[in-house]
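Please look through the structure below together with its sequence. The paragraphs that follow go from the chain as a whole to its strands, helices, cores and charged pairs.

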Amino acid sequence: MAEILDTIVADTSFEAEEKARKKYGNNFEIINSKNVVQKSHFGFLAKQLVQITIRVNDHFPNNSLANNEPYIIPAPPISPETFSPVTDNSMAVEEQKTVYRAGFGNISNSNRKRPTYSKSQIDRTNVDSLRGIQEGDDIPRGTKQQTLNSQYSDSTSDFLNAINDLKRIRQTEAHSESQIKLNNIATKKIDELQKQMENLQSIVRDFVESSSSFLAANQLPPGLSYLEKELHELEIPQETIKDLFKSLQLDCSKDTLGESKATFNALHALLKKRLSICPQFELKKSSRPQVIVLMGPTGVGKTTTIAKLAARFCLNPLKRIKACFFNIDFYKLGAKDQLLAYASIFEIPVEDITSIDNLNSCLEKHKNDDLIIVDTAGRSQYAEKDLEELRSYLIRIPNATKYLALSSTSKYSDLKEIVRCFGRVGYDHLILTKTDETKTIGPAVGLLLKSKKSLAYITHGQQVPEDYQPANFKFFEDRLFNSRENNDDLGQQLIY
């Protein structure tokens, strides 16, 4: 006798047993039963099933329930080792055993015959796949779940239908529970976002309120508010405006700053106090020559400015002096020719300085002169090597007054860089050139206030020696205040 072990999985224990009966008949024994979990798609939901393990002594065709005939199992052979007397005379050992099936009568072993199937029986068996499985004399059965066969009674069918309905209800409830959990998570997230939005709105409200309070506390008085607009149009740098307004607010009363006339007069007085103007260069009696040095970036008009300064001393018929030009501008083509032309007019010599030794010998040569005017090559404020070379020359010239020439057409940021970089070379005063090429001098005013350097001369054209003047505050009055007369009545409000 051969033993067969098999496992059957179904939704319930009842269905598992039914599957076992359908496959092996009633000749099996359940030796183990347990619950197993089967995961559905994506592992989102899980399904609980029942798995039974059965022991089968003989394999019956699974279609034995599909016909109306019993299947007779022959009695096991008798051997001397296993034989034992039978006390019950109702059944002999040699007698064949009759197997009863549900819904069938008992048929003796002598009446056993090969089962046959009618067409209606085959039609009632549902095969729900293209390919079926056939075992022995069974009718081909489908690989998927089949419908209930006609051998089951109506009560059994109703019971299975009730089980299937219960399964669907449980699946629906599980899906509903999962959906409820998802809905709860989404609701929680929405609540968190809503709280964050409310906090953000509160922060924005607080910021707006504090900003409004700050602006109200720092709102400029009417006079400064109007003055700010005017200074911006004159291209006064913003940092200069803030510095001026800070001083005005500290020094002036609210009534003064509440009127444009009084505010402009206060600004006029403040600028006159802060703008530093140095006196003109004057020749003094000395045992050695006095020296004027002009330096600056390229293109600011240094050579022309040198000629304008020299003309004041060399063309004075009342006082003849002994002077000369030193030319350290050996980079610029034509610089020497331009300087020679002016020297010819002034009737003074020109010395080309090509080295430190050459500079020393020229200084010794002209030690008895009254005035030496030094013209230097234009250097970029970013050329550190060139600036250091210029410094090496100038530190060997004693008794020198050094001027840094700046173009009034330059940007405020560039002017600051020029002053900073040429400060390494060293200079004493500023010269503002090309004032005729711009209508606004706001950047130059900002630079003068920022650097606190004094202004010596102002040039405003190419004519030598006419187009230059000593620096004075009236120049700034005309450019900063009186130039507004044509646009409004501000000029009439000013009181000097």
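Among contacts in the protein chain between residues at least 6 apart in sequence, what percentage join residues at least 24 apart? The share is 71%, where a contact means heavy atoms within 4.5 Å. The model is a predicted one, in which local features need pLDDT of at least 70 and side-chain atom pairs count only at pLDDT 80 or more, while totals for chains, interfaces and linings use all residues. Residues are numbered from 1 along each chain as its sequence is written, and side-chain values use heavy atoms, with hydrogens and water left out.

The protein chain contains 15 helices and 13 strands. These are DSSP runs numbered from the N terminus, helices being H or I with at least four residues and strands E with at least two. Of the 496 residues in the chain, 38% are buried; buried means under 20% relative accessible area, exposed means over 50%, and partly exposed lies in between, with a 1.4 Å probe and protein chains only. The accessible surface of the chain is about 29800 Å², and carbon and sulfur atoms account for 51% of that surface. The areas come from the Shrake-Rupley method with a 1.4 Å probe, and for residues only the protein chains shown count as cover.

Six of its six residues are buried, so S6 is largely enclosed by the rest of the structure. Gln 290, Ile 292 and Leu 294 point one way from S6, whereas Val 291, Val 293 and Met 295 point the other way. S6 pairs in the parallel sense with strand S9 (residues 371-376) over five bridges, and Val 293 has Val 374 as its bridge partner in S9. S6 also pairs in the parallel sense with strand S10 (residues 400-407), over five bridges; here Val 291 has Ala 400 as its bridge partner. Two strands count as paired if DSSP finds at least two bridges between them.

Thr 305 is found in helix H8 and is buried, at 4% relative accessibility. A polar atom of the Thr 305 side chain lies 2.7 Å from the backbone oxygen of Gly 301.

Helix H14 (residues 473-480) has Phe 473, Phe 475, Phe 476, Glu 477 and Leu 480 buried. What covers these residues includes helix H7 (260-274), strand S11 (429-433), helix H13 (442-451), strand S12 (455-459) and strand S13 (468-470). At the start of H14, a side-chain oxygen of Asn 472 comes to within 3.2 Å of the backbone nitrogen of Lys 474.

Which residues have the most contacts inside the largest nonpolar core? They are Leu 248, Leu 271, Met 295, Phe 326, Leu 404, Phe 476 and Leu 480, in a core of 59 residues. A nonpolar core is a set of buried Ala, Val, Leu, Ile, Met, Phe, Trp, Tyr and Cys residues joined through side-chain atoms within 4.5 Å. Leaving aside neighbours within four places in sequence, Leu 480 is in contact with Leu 234, Ile 236, Leu 271, Ile 441 and Val 445. Another core, of 29 residues, lies apart from the largest one, and Val 300, Leu 309, Tyr 342 and Tyr 403 are among its members.

The whole structure has 16 salt bridges, each being a side-chain nitrogen of Lys or Arg within 4 Å of a carboxyl oxygen of Asp or Glu. In one of them, the closest N and O atoms of Lys 23 and Asp 6 are 3.2 Å apart. Lys 23 lies in helix H1 (residues 13-24) and Asp 6 in strand S1 (residues 4-10), so this pair ties together parts that are 17 residues apart in sequence. Lys 23 is partly exposed at 26%, whereas Asp 6 is buried at 17% relative accessibility.

Arg 391 and Glu 388 form a salt bridge of 3.7 Å, N to O. They are three residues apart in helix H11 (residues 384-394), separated by about one helical turn. Glu 17, Glu 18 and Arg 21 are linked in a network of salt bridges.

How values were computed:
A polar contact is a pair of N or O atoms within 3.5 Å; within protein, one must be able to donate a hydrogen and the other to accept it, and residues adjacent in sequence count only if both atoms are side-chain atoms.
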